Amino acid sequence: MTHLIVYAHPSSDSFSNKLVNSIKSYSETLNKVVVRDLYAMGFNPVLTKKELEELKKGVLSEDVDREQAYIEEADIISFVYPLWWASFPAILKGYIDRVFSYGFAYRAGVDGIQGQLTGRGVVMHTSMGNGITKDDEENLLPNFTDTQGHQVFGFCDMEVMQHFFYPQIMTATEEEKQGYIDNTIEYYKELFISERN
Ligand SMILES: Cc1cc2nc3c(=O)[nH]c(=O)nc-3n(C[C@H](O)[C@H](O)[C@H](O)COP(=O)(O)O)c2cc1C
């Protein structure tokens, strides 16, 4: 399988960075792994008027074309990012705006809009500053999974397989953070075993 990891955090000493490295190391033992580190790449997240006009003519920017090829090749895509103002960091939002474009990720068909990325699984990882209350578990987190996951990747006919939330990361101990990572790696072990059978 090909496992694409899209990573959006500016700091190498973040929990998100440690998580990406751990997922990559484990996944590499079984899969072809590609990491797209949006900050390291200096990805331009702004969808401009010019680009929208070019898109209508079927002309793609070189960087978008490259990212779409990675998505096309992927069986599983993991997104790793911190929660910033209840959503994606702008660089990841802009990556989605530009890369998940009309004609590639979705298009209008006889029955309305149809997602084009069928068959790909999505695993989401969101670190948070806040803690998670019981009410958050029942209401807020499912809303995040809906708006950040189903409304975006589900819309493109991908399957949102799991959405991990990592609470109070700024005050969590190293032991707690390692516990989150171990739990996540266990999830991938089971996922990759079930995908192989
Ligand atoms: C611009 C900005 C906005 C943030 N917004 C939220 C938020 O809406 N909810 C939340 O729980 N934490 C919020 N945080 C805290 C981050 O989610 C937290 O710093 C991060 O998840 C820590 O993980 P890391 O070590 O991977 O950076 C915000 C942080 C920044 C810098």
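Me: In helix α4, about how many helical turns separate E62 and R66?
Reply: This is a predicted model. E62 and R66 form a salt bridge, with their closest N and O atoms 3.9 Å apart. Because the two residues are four apart in helix α4, the separation between E62 and R66 is about one helical turn.

Me: Is E62 buried or exposed?
Reply: Buried means under 20% relative accessible area, and exposed means over 50%. E62 has a relative accessibility of 66%, so E62 counts as exposed.
For E62 itself, the class is exposed.

Me: Which elements hold the two residues of the salt bridge between R36 and E67?
Reply: The side chains of R36 and E67 meet at 2.8 Å, N to O. This pair links distant parts of the chain, 31 residues apart. R36 lies in strand β2 (residues 32-37), and E67 lies in helix α4 (residues 62-73).

Me: Does E67 count as buried or exposed?
Reply: The cut-off for buried is under 20% relative accessible area. R36 is at 12%, so R36 counts as buried. E67 has 1% relative accessibility and therefore counts as buried.

Me: Which helix holds both K189 and E186?
Reply: K189 forms a salt bridge with E186, and the closest N and O atoms are 3.5 Å apart. The two residues are three apart, about one turn of the helix. Both lie in helix α7 (residues 174-196).

Me: How many salt bridges does a search of the whole structure find?
Reply: Among the residues involved, K18, E174 and K177 are linked in a network of salt bridges. The search of the whole structure gives a total of 13.

Me: What is the angle between the ring planes of Y102 and Y106?
Reply: The structure has 16 aromatic pairs. Y102 and Y106 form one that is edge-to-face, with centres 5.4 Å apart. Planes over 60 degrees apart count as edge-to-face, and here the angle is 80°.

Me: Are Y187 and Y188 buried or exposed?
Reply: Y187 and Y188 form an edge-to-face aromatic pair, 5.6 Å centre to centre. Ring pairs also link them into a cluster with F15, Y26, F164, Y166, Y180 and F192. Both Y187 and Y188 are buried.

Me: How many charged residues are in the shell around the ligand?
Reply: The ligand is surrounded by 15 residues, and the closest are H9, S16, L83, W85 and S127. By class, nine residues of the shell are nonpolar and six are polar. The number of charged residues is therefore, by the class rule, no charged residues.

Key: Residues are numbered from 1 along each chain as its sequence is written. This is a predicted model: local features need pLDDT of at least 70, side-chain atom pairs count only at pLDDT 80 or more; totals for chains, interfaces and linings use all residues. Side-chain values use heavy atoms; hydrogens and water are left out. A residue is near a molecule or strand if one of its heavy atoms lies within 4 Å of it. Rings of Phe, Tyr and Trp (its six-membered ring) pair if their centres lie within 6.5 Å; planes under 30 degrees apart count as stacked, over 60 as edge-to-face and the rest as tilted. Buried means under 20% relative accessible area, exposed over 50%, partly exposed in between (1.4 Å probe, protein chains only). A salt bridge is a side-chain nitrogen of Lys or Arg within 4 Å of a carboxyl oxygen of Asp or Glu.
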